[in-house]
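Today I look up the charged pairs and then the nonpolar core.

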Amino acid sequence: MKLHTLSPAEGSVKDRKRIGRGTGSGRGGTSTRGHKGAKSRSGYKRKLGFEGGQMPLQRRVPKFGFKNINRVEYRPINLVDLQKLADKLNTDTLSFETLVENGLVSKKDVVKVLGTGELTSKLHVSAHKFSASAEEAIQKIGGTVNKL
């Protein structure tokens, strides 16, 4: 056994430096908190969004407008798209399920049929909502409109 091989017993030396235990410890005095200010005092808690007295971001950003939580977002489908799908499937009945199966809409969508384009065949269409022009165009050619 030699002096340079000696080491303290297992568990006798702690890694953590104890603060506030007198000036001799090297961590006394201000106890690593610096001098004065709110952070040096006991019971200090930083307020959420506090930026050292600078105007906080949530107060600097302009706030305006209104977000309606009851808004219904419709997925628009035009008459042209319905005609293309009817020609592709060779059918005259287009239900919501048919639109979902063919990838025009997802099953969570709320569909509104719009009147862009022309119909060449008589169609029986089921959807959540129809524009006045779309409804008129479908009925004018002899088709039917079914609101879900």
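Entry 1, terms. I call a residue buried under 20% relative accessible area, exposed over 50%, and partly exposed in between. I also remind myself that this is a predicted model.

I searched the whole structure and got four salt bridges. I looked at Glu51 and Arg60 to begin with: their side chains meet in a salt bridge, 2.9 Å from N to O. Arg60 has a relative accessible area of 44%, so I file Arg60 as partly exposed. Glu51 is partly exposed too, at 31%.

Next I checked Arg75, which forms a salt bridge with Asp109 at 3.9 Å between the closest N and O atoms. This pair links distant parts of the chain, 34 residues apart: Arg75 sits in strand E1 (residues 74-78) and Asp109 in the loop between H3 and E3. Arg75 is partly exposed at 35%, and Asp109 is partly exposed at 24%.

Then I looked up Lys147, whose salt bridge partner is Glu135, with the closest N and O atoms 3.7 Å apart. Here strand E6 (residues 144-147) holds Lys147 and helix H4 holds Glu135, 12 residues apart. I noted 49% for Lys147 and 22% for Glu135, so both count as partly exposed.

Which residues touch the most other members of the largest nonpolar core? Of its 18 residues, they are Leu79, Leu82, Val111, Val113, Leu123 and Val125. Among the elements that each supply at least two residues are helix H3 (96-101) and strand E4 (124-127). H2 gives the most, with four residues. I also listed contacts of Leu123 beyond four places in sequence, including Leu82, Ala86, Leu94 and Ile138.

Definitions and conventions: Residues are numbered from 1 along each chain as its sequence is written. This is a predicted model: local features need pLDDT of at least 70, side-chain atom pairs count only at pLDDT 80 or more; totals for chains, interfaces and linings use all residues. Side-chain values use heavy atoms; hydrogens and water are left out. A nonpolar core is a set of buried Ala, Val, Leu, Ile, Met, Phe, Trp, Tyr and Cys residues joined through side-chain atoms within 4.5 Å. Buried means under 20% relative accessible area, exposed over 50%, partly exposed in between (1.4 Å probe, protein chains only). Contact means heavy atoms within 4.5 Å.
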